[in-house]
Amino acid sequence: MIEIQNVTKSFDDLEVLKGVSIEIEDGEIYGIIGQSGAGKSTLLRCINGLEPYNSGQITVDGTLVSASDKDRLRNLQRRMGMIFQGFNLLERLDVYDNIALPMKFWGMKTNTPEAKEKILSLINLVGLSEKIHARPRELSGGQKQRVAIARALVLDPEFLLCDEATSALDPEITKGILALLQRINREMGITIVVVTHQMEVVRQICRRVAFLSDGRVLAEGRPEELFVHPQIPEIKSFLHEGSQQLPDDGVNIELFFTDERSEAPIVTKMARELDIDFSICWAKLEDYRSNIYGSLVLNVDEANKDKVCAFLDENNVSWALLEPELSSDKSDKEV
């Protein structure tokens with residue numbers, strides 16, 4: 001549905017996007033993540049035509065995004081809802097009229113029974129039925145973002161572009177907003193593109209993600225594949241992966257769980273079948289779209305190292321040896 005091919009973008013002498021290529025499929029929730037200044041928001045603004053790009057090509061459902069054809073771009077923008085970090089609500093309008101604003105902008109009547117029914121159904125969808133006539137100053141941050149989401153949906157878009165939509169919200173409110181986006185994707189079939197620097201966002205809702213750094217796509221794939229066992233230094237830095245306190249004696253082995261095998265009782269099975277003792281040094285297990293993925297570090301005696309590694313290989317478990325004070329210096333064994 002959205003195809004980005006070798007796109008570059010500069011502001012004067014500053015090159016912000018450097019040959020970005022991404023394909024976003026119909027109906028998926030796709031994440032674009034990276035540090036501040038990576039080019040994420042600029043890329044999103046290029047997708048909906050708010051910023052022209054210098055070279056390359058962006059097509060949305062087969063239509064070229066190009067500032068040179070203003071009528072075609074305008075019609076394409078109508079099919080794309082946009083949600084910003086700052087909500088962008090008008091203080092003089094209540095919830096109902098803020099949601100109706102895009103209809104007025106496009107010259108549509110908002111006082112017809114059909115229009116009223118649509119707006120009220122969106123207010124109900126985002127859970128603000130009791131706030132129809134409230135002004136933005138009377139709403140919490142999460143409620144303001146819900147109004148912004150309903151406003152973005154009022155023209156029945158096929159795409160929803162979210163630019164740091166949860167960055168100004170606390171963790172609990174963020175969970176509610178992300179659950180709402182998942183519901184919109186599931187029930188309305190809208191393709192959602194999420195720009196964020198928050199790992200909890202891509203873990204909870206994104207099926208695939210692109211990691212941007214310095215205007216380039218360094219990696220693309222499922223979040224659990226990129227972030228549970230990161231191989232790229234920039235991703236490790238983004239995740240603040242550093243040395244862990246590990247025992248000086250024995251062998252420290254990190255196990256990675258990134259697929260359906262993460263639910264298998266592999267640790268207890270190993271202890272039972274090999275009849276050995278080991279210590280659990282630390283674990284990092286997190287929720288990825290209702291699946292628990294992560295890693296676990298075990299410390300075993302040197303004498304048991306070979307049979308533990310052989311057991312892990314036989315059971316298709318990815319693992320790595322860790323040095324006590326240099327946990328980033330890994331000798332990987334992937335299966």
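What is the mean pLDDT of the protein chain, and what percentage of its residues reach 70 or more?

1. Confidence. This is a predicted model. The mean pLDDT of the protein chain is 90, and 94% of its residues reach 70 or more. Residues 326-335 have a pLDDT below 50, although the model gives this stretch 27 contacts beyond near neighbours in sequence. Where pLDDT is low, the predicted coordinates should not be read in detail.

2. Helix α3. This helix covers residues 95-105, and its buried residues are V95, Y96, N98, I99, A100, P102 and M103. An α-helix has 3.6 residues a turn, so residues three or four places apart point the same way.

3. Ends of α3. The N-terminal end of α3 is capped by D94, which has a side-chain oxygen 3.3 Å from the backbone nitrogen of Y96. Just after the helix, G107 adopts a positive phi of about 75°.

4. Cysteines. The number of disulfides is zero, a disulfide being a pair of cysteine sulfur atoms within 2.5 Å. For C206, the closest cysteine sulfur is that of C162, at 9.3 Å, which is too far for a bond. C206 counts as buried because its relative accessibility is 0%. For C281, the closest cysteine sulfur belongs to C309 and lies 14 Å away, so this pair is also too far apart for a bond. C281 is partly exposed, with a relative accessible area of 25%.

Definitions and conventions:
Residues are numbered from 1 along each chain as its sequence is written. This is a predicted model: local features need pLDDT of at least 70, side-chain atom pairs count only at pLDDT 80 or more; totals for chains, interfaces and linings use all residues. Side-chain values use heavy atoms; hydrogens and water are left out. Buried means under 20% relative accessible area, exposed over 50%, partly exposed in between (1.4 Å probe, protein chains only). pLDDT is the predictor's confidence in each residue, from 0 to 100. Contact means heavy atoms within 4.5 Å. Helices (H or I, at least four residues) and strands (E, at least two) are DSSP runs, numbered from the N terminus. A polar contact is a pair of N or O atoms within 3.5 Å; within protein, one must be able to donate a hydrogen and the other to accept it, and residues adjacent in sequence count only if both atoms are side-chain atoms.
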